[in-house]
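User: I've got a model loaded and would like to go through it with you. Can we start with the helices and then work outwards?

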Amino acid sequence: MTDAPTHGTTPRRPQVGIEVRHWRHVRERTLADVGERSGLNVGYLSQIENDKALPSLDALMAIGDALDVPVAWLLIDSTHEPRVVRAADRPELAAIGGSEATEVDAGTSPDLSIIEVATPPGGKTGVHAHAGHEHHVVLSGRWRMTQGEHVVELGPGDYLAWDPSVPHDVENVGPDTGRLLIIYPRHSRRG
């Protein structure tokens, strides 16, 4: 008995041919090379590359071994273009403490929000709290991060993670404008 498609959809057949061809070209191998290494017929390999044949798991494993790639790479759809947000196209966000903020990812990520903040000397957020997990990477400047009784000073390249539901404050204590990269779950922070 086979499982019936749900909600009027049919399962999408994996298009492994494009990935097999891609990795064969990356590895600079001919169909004959892959056939010799995998023990598979060159005609069959050609049909796989042209999506006229759907290989078994055993055949995929043999092809993966012949191409020196994990078999999972042959099942990944790499035809989707990477998302690019140019610095000049980043949306500006409301910021506090004299800071300027831009959304690095421009909302392209469904699960993360990545913000770059530039804060003048002495600028601070003020004590606040919100849901989620928050990660900070210091790009430049000197920063004082305060959460409850914990006070940490950070400089370029330093990283800090904390639970932002605990009241916290962030202050640029350096003599120049400082920059932070802040990463948190997309829907956890408000304003």
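User: Which residues of H3 are buried, and what arc do they fall within, seen down the helix axis?
Analyst: This is a predicted model, so keep that in mind throughout. In H3, the buried residues are Leu45, Ile48 and Glu49. They line one face of the helix, because seen down the axis of H3 they fall within an arc of 95°.

User: What covers those buried residues of H3?
Analyst: The buried ones here are Leu45, Ile48 and Glu49. Their cover comes from other helices, including H1, H2 and H4.

User: Moving to H2, which residues are buried there, and what arc do they span?
Analyst: H2 runs over residues 31-38, and its buried residues are Leu31, Val34, Gly35 and Ser38. Down the axis of H2 these residues line one face of the helix, since they fall within an arc of 100°.

User: Which exposed residues sit on the face of H2 turned away from the buried side?
Analyst: The buried side of H2 has Leu31, Val34, Gly35 and Ser38, and its cover includes helix H1 (16-26), helix H3 (42-49) and helix H4 (57-67). The face turned away from that side carries two exposed residues, Glu36 and Arg37.

User: What's the phi of the glycine that follows H2?
Analyst: H2 covers residues 31-38, and glycine 39 follows it. The phi of glycine 39 is positive, near 80°.

User: Is serine 38 buried or exposed?
Analyst: Serine 38 belongs to helix H2. Its relative accessibility is 14%, and the cut-off for buried is under 20%. So serine 38 counts as buried.

User: Which residues does serine 38 contact, leaving aside its neighbours within four places in sequence?
Analyst: Serine 38 is in helix H2, and the cover over the buried residues of H2 includes H3 (42-49) and H4 (57-67). Once those sequence neighbours are left aside, the contacts of serine 38 are Leu45, Ala62, Ile63 and Ala66.

User: And how many Å separate the C-alpha atoms of serine 38 and glycine 132?
Analyst: Along the chain, the two residues are 94 residues apart.

User: OK, on to the strands. In the open sheet with the order S6-S5-S8, which strands stand at the edges?
Analyst: The sheet is made of three strands with antiparallel pairing. Two of them have a single partner strand each, so one side of each is left without a neighbour in the sheet. From one strand to the next, the twist averages 15°. The edge strands are S6 (150-154) and S8 (168-172).

User: Which residue in S8 is the bridge partner of threonine 146?
Analyst: Strand S5 spans residues 143-147, and its antiparallel pairing with S8 has five bridges. The partner of threonine 146 in S8 is aspartate 169.

User: Zooming out, what radius of gyration does the protein have?
Analyst: The protein has four helices and nine strands. For 191 residues the globule rule gives 16 Å, and the protein comes out well over that, so it is more spread out than a compact globule. Along the principal axes, its C-alpha atoms fill a box of roughly 70 × 40 × 35 Å. The radius of gyration is 25 Å.

User: Last one: what share of the accessible surface belongs to carbon and sulfur atoms?
Analyst: Of the 191 residues, 34% count as buried. The accessible surface of the protein comes to about 11,800 Å². The share belonging to carbon and sulfur atoms is 54%.

Terms used. Residues are numbered from 1 along each chain as its sequence is written. This is a predicted model: local features need pLDDT of at least 70, side-chain atom pairs count only at pLDDT 80 or more; totals for chains, interfaces and linings use all residues. Side-chain values use heavy atoms; hydrogens and water are left out. Buried means under 20% relative accessible area, exposed over 50%, partly exposed in between (1.4 Å probe, protein chains only). The arc is that of the directions from the helix axis to the C-beta atoms. Contact means heavy atoms within 4.5 Å. Two strands pair if DSSP finds at least two bridges between them. Axes are lines fitted to C-alpha atoms, for helices over the stretch in contact, and angles run from 0 to 180 degrees between N-to-C directions. The radius of gyration is taken over C-alpha atoms; the globule rule is 2.2 Å times the number of residues to the power 0.38. Accessible areas come from the Shrake-Rupley method with a 1.4 Å probe; for residues, only the protein chains shown count as cover.
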